[in-house]
Every structure is written in structure tokens, then in C-alpha cells.
Protein chains: 2
Amino acid sequence: MPFRLTILGCNSAVPANGRHPTAQILQVRKSLFLIDCGEGTQLRMSDFNIHGRERIGQIFISHLHGDHIFGLPGLLTSYSLNNRTNDLTIFSPPGLEEMINAVLKASGAHLSYAVNFVVVDTEKSTQIFEDKQVTVTTIPLKHGMPVTGYLFREKKQPDNIIAEKIAEYDIPFQKIKAIKAGENFVTAEGKTITHEELTEPAPEPRSYAFCTDTSYKPDIVPLIKNVDLLYHETTFTTEEGVHAEKYGHSTAAQAAEIAKAANVGKLICGHYSARYGDLSPIEKEAKSIFPNSKAADEGDVFEVEFRRTKC
Amino acid sequence: MPFRLTILGCNSAVPANGRHPTAQILQVRKSLFLIDCGEGTQLRMSDFNIHGRERIGQIFISHLHGDHIFGLPGLLTSYSLNNRTNDLTIFSPPGLEEMINAVLKASGAHLSYAVNFVVVDTEKSTQIFEDKQVTVTTIPLKHGMPVTGYLFREKKQPDNIIAEKIAEYDIPFQKIKAIKAGENFVTAEGKTITHEELTEPAPEPRSYAFCTDTSYKPDIVPLIKNVDLLYHETTFTTEEGVHAEKYGHSTAAQAAEIAKAANVGKLICGHYSARYGDLSPIEKEAKSIFPNSKAADEGDVFEVEFRRTKC
């Protein structure tokens with residue numbers, strides 16, 4: 001069951017060096033989410049073979065700067081032209097609904113499906129979504145306009161029954177659900193076999209934190225502690241840190257400090273200034289502080305494997 | 001002095017088969033124009049090495065369907081992030097200014113330059129623009145919402161003086177402008193050399209007509225008579241003509257009939273339905289009626305050479 005992040009766009013405001021504005025696809029088991037939607041997102045989905053885009057039921061928007069939302073009108077109208085019928089929910093800071101409605105009205109578009117706009121609180125961390133697979137919680141960031149990151153955390157699954165034990169104790173199919181939920185099993189001979197012997201714990205839930213755009217904000221560390229994957233913007237290297245300071249962005253070193261303090265599994269760098277055709281200065285700077293760092297490029301896929309607590 | 005059309009996007013509403021929504025660059029001598037601006041236009045300009053995009057002073061929008069305008073917000077804000085200062089004029093049917101303003105407001109964008117929105121009359125053909133090189137005239141089309149085509153016609157240039165004659169008659173530099181404008185020249189010996197002997201006519205002005213989106217509308221023929229290049233939408237082949245009828249589009253055969261009746265130099269097909277991965281059925285159908293037809297693909301460049309009336 002995958003936990004898979006695909007980078008569709010990882011440049012900052014002005015597309016450059018063949019890179020596009022921000023957009024990502026996160027698949028958590030059967031759920032498919034879109035995170036930010038810069039211009040060209042629907043085209044990048046085709047470029048990188050994202051299948052089943054109509055299954056995306058939720059879009060999470062960090063903030064309303066154009067490089068994070070200008071792909072929405074095209075995606076929404078293309079869904080409609082392809083006769084989408086399932087609802088779509090878009091989470092964002094305030095103002096998006098008015099903008100999208102103005103665009104749809106001007107372009108004469110009538111969507112074939114319902115769009116629910118949910119305005120998120122960008123000031124405090126709040127769980128805003130859950131389904132069977134995952135919860136999503138906001139991460140307050142700082143960028144000169146209301147902005148939020150998002151923490152995707154897989155839900156803990158029931159313990160797994162050990163296949164060999166089913167045969168060994170001749171456990172009927174109907175009993176398995178209860179055993180997985182915690183019950184013991186009594187054999188035909190009256191012997192009690194404990195839940196612990198029959199099962200192994202489900203893998204640890206996997207997690208992903210998306211943090212862009214933001215200036216250096218160490219108070220997010222407790223919110224993203226121990227996540228498997230952290231995408232944190234690295235618009236500049238420290239050498240250009242004055243621009244990060246001025247425009248509300250972070251350096252690669254700052255992102256790596258956050259990753260280190262939060263003890264994350266892996267840091268993914270992104271949201272690059274147009275000046276970085278070659279990303280190695282970004283990655284090198286991040287790695288010098290947090291070795292398991294990677295400067296993402298478009299089309300990169302990051303798979304999070306299960307970490308089992310007992311095998 | 002080039003008269004050069006570059007196809008940036010030539011698919012219809014839903015991007016498919018690696019093709020993008022409508023956008024074109026027309027260079028007429030030193031002037032650079034953008035025609036329509038579907039999602040991804042600024043990215044396609046980079047893909048196809050369109051240099052000097054900041055020199056584009058005018059954008060001509062056919063209509064407000066999303067696949068013709070959703071690239072505008074990104075282009076306009078990128079111009080601003082690159083500190084553009086020269087004015088930009090956008091010609092379009094009504095409603096665009098309100099939409100763009102709503103988008104800019106929501107995304108917190110303040111442009112570094114002035115944008116002049118000019119609403120064009122979509123009911124009658126009107127000259128809406130001229131500079132030293134070119135005039136632009138609207139072509140009323142029909143598509144279920146206000147829509148217009150655009151006719152770009154190079155201005156007639158003064159006659160060219162024949163270089164050898166300057167040496168032969170020892171013509172001073174100061175006299176050349178007057179001779180090109182029509183005057184004769186009198187030599188030091190008092191002999192009159194006629195304007196006709198000294199000059200050759202300037203090349204015939206070149207012209208381009210952009211006609212999309214539209215259903216079959218033969219009354220445009222007189223407006224586009226004898227143009228060098230005609231881009232006319234061919235969303236479907238005749239086999240799928242029922243869809244053309246239903247959605248206000250044209251078949252390849254209908255576009256070719258227009259091209260033939262108007263005696264154009266070359267027909268460029270485009271605005272393809274997503275069903276046409278292979279464009280040969282479109283091109284074949286058009287060629288069967290108007291042999292000098294070409295199914296445009298993205299990145300195609302069409303150069304119009306001078307046709308001299310006297311050499």
C-alpha cells in the first residue's frame with residue numbers, strides 16, 4: 001500500500017530552467033491528494049503519468065500566491081469537460097472561492113460537479129480532514145500573507161494476523177477480524193492462544209509534512225517531529241540569504257536545521273529561485289547540516305516504506 | 001525582416017497528447033504579438049526559445065473560454081516579478097479586465113507596469129490597432145460567446161532604391177528618402193532620372209488571419225481574401241462533424257473551404273479535439289479541398305516570405 005509523493009513542480013514564482021510552479025501529488029494507500037496547483041499542474045500530471053486524477057477528492061492549497069494556485073482554473077474546467085461528477089473539496093486560506101468563481105463566471109464555465117471550498121485557520125495547527133487512511137493537520141507558516149503547511153499522517157491500522165498461525169491453529173475466517181482487533185483465540189481442544197502470539201503489530205503509520213512558502217520558523221518543529229518525509233522550501237542558499245529574509249523565504253541551511261531539530265526521516269528541498277539552474281549548491285548546503293537531504297526535481301517520486309516495530 | 005508565426009499551443013479545451021491550449025506568437029518585423037494565452041503559455045515560450053517576451057506590447061484574445069486565457073495571470077505576474085515597466089495592452093471581448101483584477105487581488109499581486117484593457121467589438125470588423133509595421137483588424141466569428149478573430153496586415157513600405165543606381169548616378173545620401181517617396185533625381189549634368197528607374201517597389205505587405213474558435217462562417221471570406229497565412233480552427237474531421245455543429249466548432253473540410261474561397265496562401269489547421277493524437281486525418285481532409293494545408297503542431301514556425309511585384 002503506497003505512501004508516495006510525486007513532485008510535479010518545484011520552482012518558485014517565475015518558472016525557469018524547465019521547472020514549473022509548485023504542485024505535488026501524494027498517494028496514501030488508496031487516497032490521492034493534490035497539494036498546491038501552480039500553472040501547468042494538469043499538464044504535469046500527464047507528463048508524469050499520474051493516473052486516476054479524477055479520484056483526487058481533496059486539494060490542499062498553502063496560500064494564494066499565483067505560483068501555487070494558477071493551475072486551478074484549468075484543472076477544474078478540464079474535470080468538468082471530462083464529465084466529472086464526484087465532489088471536490090479545496091482547502092485554502094481565505095479568498096480562493098471568490099477568485100475561482102470570478103474566473104469561472106468570466107470564462108462561461110459551469111462545472112459538472114460540486115466544489116466545496118474550506119477556509120483553513122492559518123494561525124493555529126488544526127486537524128482539517130480525515131478519511132479511512134489518513135488525517136491532515138495544518139502547520140502555521142509565515143510568508144507575508146496567510147499561509148499554511150499540511151501534515152499528512154497515515155492512520156494506525158489494526159494488527160496483522162500471522163498467516164502461518166491460521167493454518168497452525170486452524171483458525172476460521174470469521175474469527176480473524178476479532179483477533180486482529182485484540183481478542184485471543186481458543187482452539188477446538190480448549191487451548192487459549194494469545195492475541196500477541198497470533199499477530200504482529202501493523203507497520204508504524206507513515207507521515208509527510210509540506211512546508212512552503214515560509215521564512216525560517218523553528219516553532220513548527222514540534223508539529224512535524226519524527227515525520228518520515230519533510231518538504232521544506234529552500235528558495236535560496238545562505239549566500240543569498242538576504243533575499244530569503246526580505247521575501248519571506250528560507251535558505252537550504254534553515255530548512256536543514258528544521259529537519260534536524262524535528263528528527264525527520266528525509267528532507268526534500270524545493271521552491272527554488274530562478275537563479276538555481278544547477279541544484280547542487282542547495283543540496284550540498286542542506287546535506288552539510290542534515291545528511292539525508294535531497295534537492296527535488298520534477299518527476300521525482302519519493303516512496304515511504306513501512307517501518308515495522310516488530311517483525 | 002521576419003513575418004513569423006510560432007505555434008505555442010494548438011489543442012482544444014482539454015490539454016491532451018502532449019499538446020497545450022491555444023497560444024501563438026506573431027513577429028511582424030520588429031513587433032512581437034501574443035495571440036491568445038492558454039494555460040502554460042509562459043512555459044511554452046521558454047520551451048520554444050521565444051526571446052524578448054518583455055517586448056510584447058499587445059496581446060490579442062479571441063474569447064474568454066479558459067483554454068484561451070488561463071495563462072494570462074501567470075504571464076502578467078511573471079512580467080512583474082521580472083520588473084517589467086513598459087505598458088501592456090490586452091485586446092479582448094468584454095469581461096477580461098474584471099477577471100484579471102479579481103485574480104490579481106486574490107493572489108496579492110501588484111503589477112510593476114500598466115495594463116490597458118481594450119474591449120473589442122465582436123459584431124463588426126474594425127481596425128483596433130496599428131503601429132509602424134502593422135494594422136490589426138477584428139474578424140467577427142461565431143462560437144456561443146463573444147469571439148473575434150484577428151487580421152494582421154503588414155503596412156506597405158516605401159519603394160526601395162536600387163543600390164547600384166546610387167553609385168551610377170552619384171546620388172547623395174540626403175536625396176534618398178525623397179526618391180523612395182516618389183521624386184525623380186536630377187544629376188549634376190542636369191539629366192533627369194525617373195523614380196521608376198531608380199527604385200523597385202517594396203515587397204507586397206504580408207498578412208495573417210487568426211480564426212478560432214468558430215463554427216463554419218463563410219461570411220468571413222471577404223475579410224480574409226488573399227491573406228498569406230490563415231489559421232482556422234479544425235477541431236474535428238467531417239466524421240465527427242456532429243460535435244463541431246453542437247459545440248460551435250469547424251471541421252477540417254469547412255476550414256479548407258474557407259481557405260479555398262478566400263484564396264489564401266496557406267491554411268494552418270489547429271485547435272484539435274483531444275481525440276486526435278495523430279493529426280494526419282485532419283491534414284488529409286483539409287488537403288483534399290485546399291492542398292496547401294498543414295496541421296500545425298507545437299513549436300512549428302511559419303515564415304512568410306516577401307512576394308515581390310517587381311524584381
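Student: How far apart are the C-alpha centres of domain 1 and domain 2 of chain A?

Tutor: In this predicted model, those two centres lie 43 Å apart. Domain 1 of chain A takes in 3-157 + 202-303, and domain 2 covers 160-199.

Student: Now the two copies. What makes chain A and chain B related as by a two-fold rotation axis?

Tutor: Look at the superposition: a rotation of 180° with 0.0 Å of shift along its axis puts chain A on chain B, with an RMSD of 0.1 Å. The copies are therefore related as by a two-fold rotation axis.

Student: Which C-alpha of chain A is nearest the axis?

Tutor: That of Gly40(A), 2.7 Å from the axis.

Student: And how do you know that the same surface serves both copies?

Tutor: By checking the contact residues: 100% of those in chain A recur in chain B. The contact takes 32 residues from each side, that is, 32 from chain A and 32 from chain B.

Student: Which helices of chain A each supply at least two residues to that side?

Tutor: Helix H1 (41-47), helix H2 (72-81) and H3 do. H3(A) gives the most, with 6 residues. By class, the side of chain A that touches chain B has 16 nonpolar, 14 polar and 2 charged residues.

Student: Why is H3(A) called roughly antiparallel to H3(B)?

Tutor: The axes of the two helices, residues 96-106 in each chain, come within 9 Å and cross at roughly 160°. Angles over 145 degrees count as roughly antiparallel, so H3(A) is roughly antiparallel to H3(B). As for handedness, H3(A) passes H3(B) in a left-handed crossing.

Student: What residues make that helix contact?

Tutor: From H3(A), Leu96(A), Glu98(A), Met99(A), Ala102(A), Val103(A) and Ala106(A); from H3(B), Leu96(B), Glu98(B), Met99(B), Ala102(B), Val103(B) and Ala106(B). Sorted by class, there are 10 nonpolar, no polar and 2 charged residues.

Technical notes: Residues numbered from 1 in each chain as written. Chains lettered and ligands numbered in written order. Predicted model: local features only at pLDDT ≥ 70, side-chain atom pairs only at ≥ 80, totals over all residues. Axes fitted to C-alpha atoms, helices over the stretch in contact; angles between N-to-C directions. Helix = DSSP H or I, 4+ residues; strand = E, 2+ residues; numbered from the N terminus. Parallel < 35°, antiparallel > 145°, perpendicular 65-115°, else oblique. Left-handed = near helix turned anticlockwise from the far one by under 90°. Contact = placed C-beta atoms within 7 Å. Nonpolar A, V, L, I, M, F, W, Y, C, P; charged D, E, K, R; others polar. Least-squares fit on C-alpha atoms with pLDDT ≥ 70 in both. Domains from an automatic or database assignment.
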